[in-house]
Amino acid sequence: MPWRRLDPRTPLATAAVLCGVAGGAGLPVALGLAGSRPLWQALSWVLAGALLLLLGGTGADRVRLRRTRYRVGPDRVDLHTGLLHLKRRSLARERIRSVDLTANPLQRLLGLVKVRIGTGERSGGDAALELELVARAEGERLRRELLARAAAPEDPRHDGALAALDPRWIRYAPVSFVAPAIGGAAAGAVMQVSEWFGAQGEVIDWIGERFSSVAIPWMILWLVLAATAVGAVGALGLWIEMWWNYRLEREPGGTLRVTRGLLTARSVSIEERRLRGVELVEPLGVRLFGAARVDAVATGLAEKDEDKHGDLKNLMPAVPRPLADRVAAQVLREPGPPTGTPLAPHPRAARNRRIRWALWSVLAPAALLALLGLLLTPVLLYVAAGWTAVLTPLALLLARDAHRNLGHAVSGAYLVTRSGTVRRTTVALQRSGVIGWTVKQSYFQRRAGLLTLTVTTAAGSGAYAILDAGRSQGLAFAAEAVPGLLTPFLEQPVDAPENRETPEARSTEG
Amino acid sequence: MRGEDAVRLRPPRNAVDGRAVTWWRTQLLVTTAVPVVVLAVLGALVGPARAWLLVAAGAVAAAGLACAAFLPAWWFRVHRWEVTDEAVYVRTGALWQEWRIAPMSRIQTVDTSRGPLEQYFRLATVTVTTASSAGAVRIEGLDHERAADLAERLTAVTQATPGDAT
């Protein structure tokens, strides 16, 4: 097999990025220098620096380009790189689990992509090979060649496109938690930038003048609304950038592929062999509008994309719940959606616990405020009263909702568990993917006859909890979901006294 | 499973070694002694805050001594373990109790570790990991020879299992 090199246009992309960096850093520096000396002098200093950066960076990238070569052999993929510190990496092809392509706008213009060949390592660490950058056609060729598996049978019902972008989904973008985050960040950025220019006081004065005729609470309300509006617009923009051209498809050979992105184009492949289930995520805002996001539960997915543009495990943006269920079923090759099965509710004791937590979290700070109010100033007493009056119903509502959302079930080859109120998640996990159980009981849970059952698995976050199930209910469920694993350790104390604790009994260990 | 409310997890068959109680107690005493000594020395040196520092040292010492008197015996009653042909089964905790079950077929590594105190008490800890990132199964306070036998046996079983145990 011949050795191949990276695309010769790679330094061009680097040069363009460096131009941007030089421009962004050079302008403020030039402005700063121009204060104390003539403008031409400041400009020539900055230009000289920029040129040095550009030449140095591009030169280094050329050297890297010349010293990097890769080869796809019948059994292995090799990558040789490095000038002084030589690195020779070799991956067994059978261990390759993912080939992901990304290209930022500049790289797209040049027709280049970054290729990341992963082995299913847990953290996005050293195990992956990265080719930075190759021509787009070469990237596609690598992806197809490395992920082609002969064994998987054709399945016309489940192959092909599973979902494609519906622009109406954008209506769920402003209600996600991204919107307030962007709004807050925007407000913070205004303050920060104005401080750099020493104009923070003026900005605050200017805002104060705008609202000089209205009361302070109204001003706060307006500012919050403005930040929310900015956040909503930002969320829409981010959604378009992330999900434009979205497409979820199954390729022959058993690979799920997500392609998406307006400016930065991404292609994420998840081998079906690694898939252990799916997770439906419903943040509160999105859930109120009847929508859900679909994530993959797969082994060895790096937790975060490097450029933080969203998780690699995202299979779908927030979409109407029935559609999410349908796509989840198709992803899992199931006739019906496991995530849509009716779930067994958890006992009333679980609800009482949640109500108790809710009351504690509201009343403890209220009591503290009231105590301080008695000691210091009566104003705090009013604050405490208002706090209690507003937050108690809200907390109780959330507690009831949290209890209603608890549930678990066995659905075909999957076990399903749901929990959460602010961020409700429904996980459908292959029963054959369960690699252990953890049962936890706090003192209070023991008194209430509850337990928390945790499924451990190699995929996703590694453990999925069934919170506050009834004691017998939970254990019977675990025994049913994974037959044989838990059963030898169960006993019925009333019926079978001979099973009681007998330390001298036959020890299988000795 | 006749009665709906009659199922529960039975305790694992084996208790940990009796020396574990002393080991735990020593550990607790050592971890208490460090802040107590620091506070007491500071109290002796810093005149103005002497009363406060000495009271704090006393409080920490009292809490530590109470724990050392009370907790190890409780832990000894709760901490139990069992290895069958199919699974490793461990119970730990006191106020928060935890039962962990890892099937033999999914075990990836078996480690034995012995800290300085454990070496003194001739004890060892066996850690069994699976492919899950959510924590390993640990059996603390085993007699060191027994721990070595156990680790050997578990390793043999693990090597006999095909696949990558995910």
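Residues are numbered from 1 along each chain as written, with chains lettered from A and ligands numbered from 1 in written order. In this predicted model, local features need pLDDT of at least 70 and side-chain atom pairs count only at pLDDT 80 or more, while totals for chains, interfaces and linings use all residues.

Trainee: How are helix 1 and helix 2 of chain A oriented to each other, roughly parallel or roughly antiparallel?

Mentor: Helix 1 (residues 10-34) and helix 2 (residues 39-67) of chain A, as DSSP runs of H or I with at least four residues, have axes that come within 9 Å and cross at roughly 160°. Axes are lines fitted to C-alpha atoms over the stretch in contact, with angles from 0 to 180 degrees between N-to-C directions. Angles over 145 degrees count as roughly antiparallel, so helix 1 of chain A is to helix 2 of chain A roughly antiparallel.

Trainee: Which element of chain B gives the most to the side of domain 1 that touches domain 2?

Mentor: An automatic or database assignment gives chain B domain 1 (14-77) and domain 2 (80-160), whose C-alpha centres lie 28 Å apart. Contact means C-beta atoms, placed from the backbone, within 7 Å, and 13 residues of domain 1 of chain B are in contact with 13 residues of domain 2 of chain B. Strand 2 (14-15; strands are E runs of at least two residues), helix 1 (19-45) and helix 2 (50-78) of chain B each supply at least two residues of that side of domain 1. With 6 residues, the element that gives the most is helix 1 of chain B.

Definitions and conventions: Angles under 35 degrees count as roughly parallel, over 145 as roughly antiparallel, 65 to 115 as roughly perpendicular and the rest as oblique. Two residues are in contact if their C-beta atoms, placed from the backbone, lie within 7 Å.
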